[in-house]
Amino acid sequence: MKYHAANGYAYKVTRNEKLRIAACCANKKKDKYNWHMYAVSCDDVEGSPFIIKELNNHHNCDGGFINVPNVSKSLISSLIKDAIKQNPKKKTKDIMEQIKREYGFDISRYDAYTGKRNALNMAWGEDEKSFAYLHWYTKQFSETNHGSRVVLETYASQKFVRLFIAFEECISGFNYGRPLLFMDATHLKRIYPLSYDVVSSETDANWK
């Protein structure tokens, strides 16, 4: 999809399997010397990287865009993911201009927005899934960090309130330090406007 967007040559996938994939020029017809690609799994194991085994990277057809490439949020996010990681606040207008400048075709404001949301999720994870893993995370934390303290507080509706974490090394360090207390907090914003604190030290007797 990225190759098609960058070069303007339409393609079609002739084989799409877990361990191998093949594609050729959409205008190939009977010309076997036109553009085609064949790739296989490196280790012949599902999920391992692919390596190109055969590639003819020259088009003997007229090629070029017959229509605008098939735009999807996965395509847009793959084209802009590096820019979004460097600047998560990049505006949709700037994304539209970047795609036009670098790849030569127009996208709608909606495509730019959904592509940006998908790129953010690829870089930082989806908020809903992250919250869903909190119960699993606190259980694993308790089992693998003996002596440490973790408390997940939620409302009766299971709505997140706060997560408290104190590592055993930090707790025992109070026995040898000066009577000073340092706290750090992480405020959750993005699509959730309320800000909750993640506290990194024992600060309240109710949490002990």
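## Terms and model

A residue counts as buried under 20% relative accessible area, as exposed over 50%, and as partly exposed in between. The model described here is predicted.

Glutamate 153 shows how the terms apply. Its relative accessible area is 30%, so it is partly exposed. Its salt-bridge partner is arginine 162, with the closest N and O atoms 3.1 Å apart. Arginine 162 is partly exposed too, at a relative accessible area of 31%.

## Overall layout

The chain holds 7 helices and 7 strands. Along the sequence they follow the pattern α-β-β-β-β-α-α-α-α-α-β-β-α-β.

Of the 208 residues in the chain, 28% are buried. Take the contacts between residues at least 6 apart in sequence: 44% of them join residues at least 24 apart.

Helix H6 covers residues 134-144, and its buried residues are Leu134, Thr138 and Phe141. These residues span an arc of only 60° around the axis, which means they sit on the same side of H6. An α-helix has 3.6 residues a turn, so residues three or four places apart point the same way.

What do the buried residues of H6 pack against? Their partners are helix H5 (127-132), strand E5 (149-154) and strand E6 (160-166). The other side of H6 carries the exposed residues Trp136 and Thr144.

Lysine 139 bonds with glutamate 143 in a salt bridge, with 2.7 Å between the closest N and O atoms. Both residues lie in H6, 4 residues apart, about one turn of the helix. Lysine 139 has a relative accessible area of 48%, so it counts as partly exposed. Glutamate 143 is at 42%, also partly exposed.

## Salt bridges

How many salt bridges are there? The count comes to 5. Side chains of opposite charge can pair when their charged atoms come close.

One of the salt bridges joins glutamate 17 and arginine 20, at 3.1 Å from N to O. Arg15, Glu17 and Arg20 are linked in a network of salt bridges. Glutamate 17 is partly exposed, with a relative accessible area of 38%. Arginine 20 is partly exposed at 27%.

## Helix H4 and its partners

Helix H4 (residues 109-124) packs with helix H2 (residues 73-86). The angle is about 60°, and the axes lie 7 Å apart. H2 and H4 are therefore oblique to each other. The crossing of H2 past H4 is right-handed. On the H2 side, the contact includes Ile76, Ile80 and Ile84, along with Lys73, Lys81 and Lys85. On the H4 side, the contacting residues include Gly115, Ala119, Leu120, Met122 and Trp124.

Helix H3 (residues 92-103) also packs with H4, with the axes 9 Å apart. How are H3 and H4 set relative to each other? The angle is about 100°. Angles of 65 to 115 degrees count as roughly perpendicular, so H3 and H4 are roughly perpendicular to each other. Thr92, Lys93, Ile95 and Met96 of H3 meet Arg109, Ala112, Tyr113 and Lys116 of H4. Lys116 of H4 is listed in the contact with H2 and in the contact with H3.

Conventions
Residues are numbered from 1 along each chain as its sequence is written. This is a predicted model: local features need pLDDT of at least 70, side-chain atom pairs count only at pLDDT 80 or more; totals for chains, interfaces and linings use all residues. Side-chain values use heavy atoms; hydrogens and water are left out. Buried means under 20% relative accessible area, exposed over 50%, partly exposed in between (1.4 Å probe, protein chains only). Helices (H or I, at least four residues) and strands (E, at least two) are DSSP runs, numbered from the N terminus. The arc is that of the directions from the helix axis to the C-beta atoms. Contact means heavy atoms within 4.5 Å. A salt bridge is a side-chain nitrogen of Lys or Arg within 4 Å of a carboxyl oxygen of Asp or Glu. Axes are lines fitted to C-alpha atoms, for helices over the stretch in contact, and angles run from 0 to 180 degrees between N-to-C directions. Angles under 35 degrees count as roughly parallel, over 145 as roughly antiparallel, 65 to 115 as roughly perpendicular and the rest as oblique. A crossing is left-handed if the near helix is turned anticlockwise from the far one by less than a right angle, and right-handed if clockwise.
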